[in-house]
Amino acid sequence: MDHRARKLAELVEQHYELLYRYAYRLTGSVADAEDLTQQTFLTAQCKWDQLRDETCAKSWLFTITRNAYLKQRRTPSCVLLGSVDELVEPSSEPPSDDIDSEAIQNILNTLPEEFRTPLILFYFQEFSYKEIADQMGVPLGTVMSRLARARAHLKQRLTIPELAPSSHSLTGHAS
Amino acid sequence: MNPRFDSLDCTTTRQALELVRAGDPTDSGVAASAAQHLRECPECQIVVGKRAEFDAHIGAAFRDVPVPADLKSRILAGLERSAVQLGGQSTALPPVPPSDILPLSTVPGFQPARRMRSTRRWLLRLSVAAVALIGVGLGLWWTKPFGMTELLDDMVAQIASDEIDPAAFPALADDAAFPLPATMVTRYLTEVPRQFGSSSAALYLFQLPSRQQRSEVACRLLVVPVARLQVSPTATSFREGAPVYFGRYCTRAWVEGELAFVCLVQGGEDEMQRLIPRGPVAI
């Protein structure tokens with residue numbers, strides 16, 4: 001087995017679960033998440049020579065996953081930029097105790113991708129702000145700002161369940 | 001802000017603690033001051049404590065996604081199959097038990113193999129590799145006359161991402177096939193173009209001095225024959241191209257004759273404006 005194949009197999013072993021969870025949180029669908037995870041490793045296999053530093057492989061795989069997701073979606077992100085001001089301030093009340101995976105997903109589905117991605121990466125506790133910024137190709141301050149707003153939104157949706165979910169809440173467009 | 005704690009205010013303290021928690025490098029003096037502030041400020045203790053509790057609660061829910069039991073074996077099987085198609089690396093990955101191989105949604109029709117003797121399995125793999133190579137060759141020969149079209153957006157997104165290092169692409173020996181555009185300032189394009197991926201496209205790397213001349217802005221110019229594109233830009237000059245943002249790059253796309261051009265400038269439209277020629281342009 002050559003070096004590339006051995007490393008790829010190691011990367012699958014180490015990261016496929018986390019990548020699948022990431023893909024699921026991005027897409028909200030089991031089938032799409034499976035496809036996206038498989039596509040990530042197939043792309044990594046084809047583009048292996050573009051990985052300059054193998055210690056950055058995890059970030060590289062996450063970037064591939066996100067790019068593949070954005071490519072599938074084919075929705076220009078600039079459409080969503082005008083809606084940021086509609087994000088709400090954080091509530092002082094703690095969220096209810098019965099938060100489950102599905103409730104989180106319902107709220108994520110209403111968030112624009114620019115806010116959803118940093119939120120997912122942050123709560124996976126695998127990447128620093130700097131690494132999230134590098135993956136998204138935006139400045140560190142932008143990540144912190146988006147994350148603060150997305151967390152505030154998430155907190156309010158969880159605290160006041162009747163607000164969730166609304167496809168108009170952030171984008172100003174029906175999804 | 002609590003006036004008792006004048007080394008750092010509450011807002012700065014909470015921001016610094018956030019960075020520390022997320023694993024980002026923070027000035028050790030600031031981190032120490034923030035920790036000191038936290039120890040002495042009851043307000044911050046409450047806020048930071050609630051935030052940590054909230055994040056722990058939400059983080060657990062975020063990660064609560066069951067992973068399909070057979071996913072790993074399907075990924076490995078897909079990679080092995082792909083390696084065979086790419087060039088006969090049939091032993092490239094660890095063998096996957098045939099019982100674990102399930103149909104891949106990305107590879108329709110893929111069926112689990114039956115157990116067989118090692119020699120027969122080898123022969124079968126070699127046969128599959130040979131057939132795949134012939135198939136790929138025939139496919140390339142068949143599609144070449146009709147052109148394999150590509151999406152310009154995908155190419156630009158790839159260039160704008162950090163996934164690739166364009167400087168590693170080979171320089172084009174015959175750069176005459178990719179002339180410079182007539183409707184854009186090109187005096188900064190001093191290097192020979194590079195071949196972009198395996199497609200018949202060229203990528204120029206160049207630097208634009210910032211307005212204050214203190215630094216340089218990274219820029220790219222992609223040149224693709226219109227015939228290779230599924231959809232061509234509608235603008236017919238650099239000036240007409242509408243600015244579109246891809247990651248850190250502001251981009252404009254346009255067509256001149258048989259070639260489509262996309263200019264990528266790191267930063268905003270202000271820098272890009274400097275590439276608009278002054279006065280009339282002869283096309």
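## Salt bridges and a buried tryptophan

In this predicted model, a network of salt bridges links Lys7(A), Glu10(A) and Glu54(A). Side chains of opposite charge can pair when their charged atoms come close. Over all chains, the structure holds twelve salt bridges. Among these is a bridge between Lys72(B) and Glu13(A), whose closest N and O atoms are 2.6 Å apart. This pair crosses between chains: Lys72(B) belongs to helix H4 (residues 71-87) of chain B, and Glu13(A) to helix H1 (residues 3-27) of chain A.

The two partners of the bridge between chains can also be described by their accessibility. Lys72(B) has a relative accessibility of 24% and counts as partly exposed. Glu13(A) has a relative accessibility of 48% and is likewise classed as partly exposed, because the class of exposed residues begins over 50%.

Two further salt bridges involve residues of chain B. Asp70(B) is paired with Arg74(B), with 2.9 Å between the closest N and O atoms. In this pair, Asp70(B) is partly exposed at 22% relative accessibility, whereas Arg74(B) is buried at 7%. The other bridge joins the side chains of Arg194(B) and Glu191(B), with an N to O distance of 3.9 Å. Here Arg194(B) has a relative accessibility of 18% and is therefore buried, since the cut-off for that class is under 20%.

| Salt bridge | N to O distance |
|---|---|
| Lys72(B) and Glu13(A) | 2.6 Å |
| Asp70(B) and Arg74(B) | 2.9 Å |
| Arg194(B) and Glu191(B) | 3.9 Å |

A separate site in chain B concerns a tryptophan. Trp254(B) lies in strand E5, which spans residues 249-256 of chain B. Trp254(B) has a relative accessible area of 0% and is therefore buried, as the class requires a value under 20%. The side chain of Trp254(B) makes a polar contact of 2.7 Å with the side chain of Glu256(B). Trp254(B) can also be placed relative to Thr234(B): the two residues are 20 residues apart along the chain, and their C-alpha atoms are separated by 6.5 Å.

How values were computed:
Residues are numbered from 1 along each chain as its sequence is written. Chains are lettered from A and ligands numbered from 1 in the order in which they are written. This is a predicted model: local features need pLDDT of at least 70, side-chain atom pairs count only at pLDDT 80 or more; totals for chains, interfaces and linings use all residues. Side-chain values use heavy atoms; hydrogens and water are left out. Helices (H or I, at least four residues) and strands (E, at least two) are DSSP runs, numbered from the N terminus. Buried means under 20% relative accessible area, exposed over 50%, partly exposed in between (1.4 Å probe, protein chains only). A polar contact is a pair of N or O atoms within 3.5 Å; within protein, one must be able to donate a hydrogen and the other to accept it, and residues adjacent in sequence count only if both atoms are side-chain atoms. A salt bridge is a side-chain nitrogen of Lys or Arg within 4 Å of a carboxyl oxygen of Asp or Glu.
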